[in-house]
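Have the structure open while you read.

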Protein chains: 2
Amino acid sequence: MLTAHVERRRRLMARLDRPALIAAGAPQPRNYPANTQPFRASSHFLYLVGRPLPGCFLLLADGEATLYREPPPPDDALWHGPQPDAAELGEALGLKLAPLDALRLPPDTMSLPAMDAATVARQSRLLGRALTPGRIDPTDLPLADAMIALRLRHDAAAVAELRAAAEATVAAHRAARAALRPGIAEYAVWAEMQAEFTRRGMGAAYAPIVTRRGEVLHERGLHRTLEAGDLILIDVGAETAGGWAADVTRTWPVGGPLSPTQAELHRVVRDAQAAAIAAVKPGVRYRDVHLTAAVSLAAGLVELGILRGDPHELVADDVHALFFPHGIGHLIGLDVHDMEDLGDRAGYGPGFTRSARFGLGYLRLDRVLEPGMAVTIEPGFYQVPAILDDPARDPGDRLDRATLAKFADVRGIRIEDDVLVTADGADVLTEALARV
Amino acid sequence: MLTAHVERRRRLMARLDRPALIAAGAPQPRNYPANTQPFRASSHFLYLVGRPLPGCFLLLADGEATLYREPPPPDDALWHGPQPDAAELGEALGLKLAPLDALRLPPDTMSLPAMDAATVARQSRLLGRALTPGRIDPTDLPLADAMIALRLRHDAAAVAELRAAAEATVAAHRAARAALRPGIAEYAVWAEMQAEFTRRGMGAAYAPIVTRRGEVLHERGLHRTLEAGDLILIDVGAETAGGWAADVTRTWPVGGPLSPTQAELHRVVRDAQAAAIAAVKPGVRYRDVHLTAAVSLAAGLVELGILRGDPHELVADDVHALFFPHGIGHLIGLDVHDMEDLGDRAGYGPGFTRSARFGLGYLRLDRVLEPGMAVTIEPGFYQVPAILDDPARDPGDRLDRATLAKFADVRGIRIEDDVLVTADGADVLTEALARV
């Protein structure tokens with residue numbers, strides 16, 4: 001029996017004074033209805049049930065968990081082979097099973113919208129009120145907040161899954177590094193990584209970034225061929241069969257060691273990451289981890305002569321963000337941006353709101369860290385023409401463009417690891433992977 | 001310029017007397033809105049435009065093709081790098097570009113529903129009438145029929161794509177075969193095949209079947225470990241970057257040659273496939289290709305002593321379908337079941353309807369073959385307990401269960417190739433792959 005999930009359901013119900021309906025979601029059609037995208041159950045469902053059961057609904061009411069599912073059609077055994085019956089499945093999952101058409105919701109049941117429109121429509125009919133994809137109805141906020149309260153601090157079963165995702169991700173990045181050579185296509189590097197996931201029965205937690213154009217922050221193309229002297233930026237993480245994510249970035253040279261200029265900026269990013277990881281511990285505000293990395297990065301760039309001024313003042317004025325325009329990281333768990341389906345509600349604790357500042361607005365997380373939280377730490381340095389050529393962002397003589405020009409062989413560097421907050425510090429789940 | 005696509009649009013417009021709106025579709029959220037499934041544009045859009053452009057709409061009206069797209073947001077270059085502007089993209093695609101908010105549909109515009117609910121909702125708003133996912137509105141049938149008329153017979157550019165998909169698929173199956181050994185997991189076999197696709201910038205056209213339980217027709221689990229003496233059934237096909245599919249099945253022994261019983265049944269299936277392929281030529285009704293395979297299979301099983309009686313009579317009474325319960329194949333093109341988004345409208349020509357017979361009802365295609373059509377030919381032999389133990393299907397003494405029991409080491413065999421109908425016969429696109 002999946003005892004961790006029984007305990008999670010118990011803890012969730014203890015936080016709720018109304019019933020809750022959790023939808024697994026349904027497979028989404030790809031190019032025709034029977035050819036579907038690979039099914040990915042909703043993270044809330046996976047958290048509470050532990051298995052991706054398409055079309056199922058979990059009802060938590062009166063201290064009891066019931067899983068409602070469509071009974072298999074008569075010719076199911078012909079196409080899908082013998083399947084566990086309701087009693088066997090209920091036993092394995094530690095809950096009651098019931099047929100979906102018997103589902104009647106108690107009044108005031110709360111729910112969270114699934115990702116697929118067909119399930120959201122079904123939820124709406126069951127609830128007798130319209131749910132909206134991507135939006136939490138105010139009446140459902142107590143359920144959202146209770147899920148956040150549970151999922152923010154990972155239990156032992158969650159940590160085991162995060163470690164499995166991290167282990168596969170480390171293996172994949174090692175396979176990538178072993179494959180690097182001038183003339184290889186980005187696709188071929190990704191193929192080696194994907195094979196590491198697939199062999200383990202895992203997939204990718206998000207669309208892979210494997211690119212010689214590291215300055216394009218969301219570069220999804222994998223069609224370029226690597227050349228000697230390139231830096232390749234690889235942002236790839238595994239997702240376990242149970243749905244848990246890793247999220248790791250490395251930036252490595254192709255066809256030789258780092259050039260002297262690449263080595264200097266790579267060290268600046270590593271130092272910023274080390275400073276940020278050293279800052280991670282319970283009681284620390286995550287925004288301060290971000291600022292620690294930003295100040296470290298600014299100091300490194302001052303040392304190299306790229307920036308001029310006091311690192312703290314440069315950060316206060318967002319000058320560092322010319323080169324590091326994103327946040328230091330985010331929550332990670334069942335989602336690579338954990339619970340982002342709830343908007344900023346998980347990432348920003350009560351009383352915390354997103355800043356409008358260029359150097360802070362992209363930060364996805366701002367909370368006081370607690371033991372059991374898992375976060376990414378991912379500083380970077382990028383030369384993005386759309387930023388550096390923007391007159392509105394020109395910092396005047398605080399940026400030495402002549403010196404910067406000497407570092408033209410660095411387009412983008414990011415170094416990212418997954419970090420579990422422990423009782424007195426941090427445990428880097430992906431520490432086994434070399435950074436340089 | 002994508003000249004084949006210009007020509008396709010011209011030919012489509014020549015068949016229509018009303019305007020047509022073709023939606024690319026939009027990425028579907030996976031576990032939260034920003035983490036989407038890999039985008040797959042609608043096949044009709046890919047057929048006419050040639051590139052997967054999320055969120056775009058193609059309007060064909062007054063002999064002119066216009067592509068409407070959302071202008072990129074202001075910070076797009078920051079996240080996605082510089083992109084081609086409207087003029088460059090229009091030049092490359094051979095059509096006019098316009099911003100999406102300028103799209104006004106002429107009266108009586110026809111359309112076909114996209115696969116994702118958000119796009120279907122947008123189409124409905126644009127058309128001023130409700131489209132339903134998975135259903136063709138009667139007013140849109142002329143568009144559906146014109147698309148079918150074009151897509152049924154593949155042009156040279158389509159054939160080139162089908163050959164590329166076939167070539168990658170052959171390579172993948174060879175990689176699988178090279179990896180087979182007792183102790184390897186089904187997942188690891190699939191990893192080798194997937195890597196062949198990924199290295200080419202391709203993906204899978206459908207969920208892979210890689211299983212030692214070949215008798216489970218839609219077995220999606222890949223978690224089992226192969227043992228010596230197993231047959232592994234591998235049904236895997238590539239999809240090119242442009243969206244074109246291959247669909248190939250091989251059934252191979254693990255850890256040695258086929259056993260004598262496996263070899264006999266493998267030969268029976270191969271013979272049935274060869275008979276079916278030999279029957280493929282213009283003017284032949286596809287159902288007769290199916291029946292040719294069925295009679296060949298029945299004759300082979302009579303020869304082995306598993307069935308008793310006249311092969312034609314056995315087929316007329318659906319006795320062959322105890323072991324071969326599915327159809328001989330289907331159309332293949334941009335969809336692995338080509339145009340199945342239009343229901344049976346593409347698969348069943350005017351005047352042809354699905355049979356209710358057990359031995360014919362699963363046939364996805366019944367048309368008179370024409371040059372340029374591509375179909376799969378995929379006979380099989382399976383021992384499915386849900387069929388063989390069903391008293392309603394018991395053929396009495398026409399089945400020799402004692403002889404069948406000697407073939408217990410055969411759970412499922414299927415052999416499938418992709419066949420292009422030529423002017424005077426058939427071209428097996430996947431002929432390069434050994435069958436045994």
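Predicted model: local features only at pLDDT ≥ 70, side-chain atom pairs only at ≥ 80, totals over all residues.

## Where the chains meet

Chain B and chain A bury about 4400 Å² between them, and 58% of that is on carbon and sulfur atoms. Buried area here is the accessible area (1.4 Å probe) that two parts lose on being put together, summed over both. On the chain B side, Tyr32(B), Leu78(B) and Trp79(B) lose the most area to chain A, together 17% of what that side buries.

Residues are numbered from 1 along each chain as its sequence is written, chains are lettered from A and ligands numbered from 1 in the order in which they are written, and side-chain values use heavy atoms, with hydrogens and water left out.

## Polar links and who supplies them

Between chain B and chain A there are 4 salt bridges, each a side-chain nitrogen of Lys or Arg within 4 Å of a carboxyl oxygen of Asp or Glu. Arg30(B) and Glu239(A) meet in a salt bridge through their side chains, at 2.7 Å, N to O. There are also 18 residue pairs in polar contact between chain B and chain A, both residues at pLDDT 80 or more. A polar contact is a pair of N or O atoms within 3.5 Å; within protein, one must be able to donate a hydrogen and the other to accept it, and residues adjacent in sequence count only if both atoms are side-chain atoms.

## A closer look at Leu217(B)

Leu217(B) sits in the loop between strand E9 (209-211) and strand E10 (231-236) of chain B. Is Leu217(B) buried or exposed? Leu217(B) is buried, with a relative accessible area of 4%; buried means under 20%, exposed over 50%, and partly exposed in between (1.4 Å probe, protein chains only).

Leaving out residues up to four places away in sequence, Leu217(B) touches Leu78(A) and Trp79(A), plus Ile209(B), Pro325(B), His326(B), Tyr382(B) and Arg414(B).

## Two domains in chain A

Chain A splits into domain 1 (3-152) and domain 2 (156-428), with bounds that come from an automatic or database domain assignment. Their C-alpha centres lie 34 Å apart. The contact takes 17 residues from domain 1 of chain A and 18 residues from domain 2 of chain A.

The area buried between domain 1 and domain 2 of chain A is about 1500 Å², with carbon and sulfur atoms giving 60%. Ile148(A), Arg151(A) and Leu152(A) supply 39% of what domain 1 buries against domain 2, more than any other three residues. The two domains of chain A share 4 salt bridges, and Arg151(A) forms a salt bridge with Asp338(A), the closest N and O atoms being 2.9 Å apart.

Definitions and conventions
Helix = DSSP H or I, 4+ residues; strand = E, 2+ residues; numbered from the N terminus. Contact = heavy atoms within 4.5 Å.
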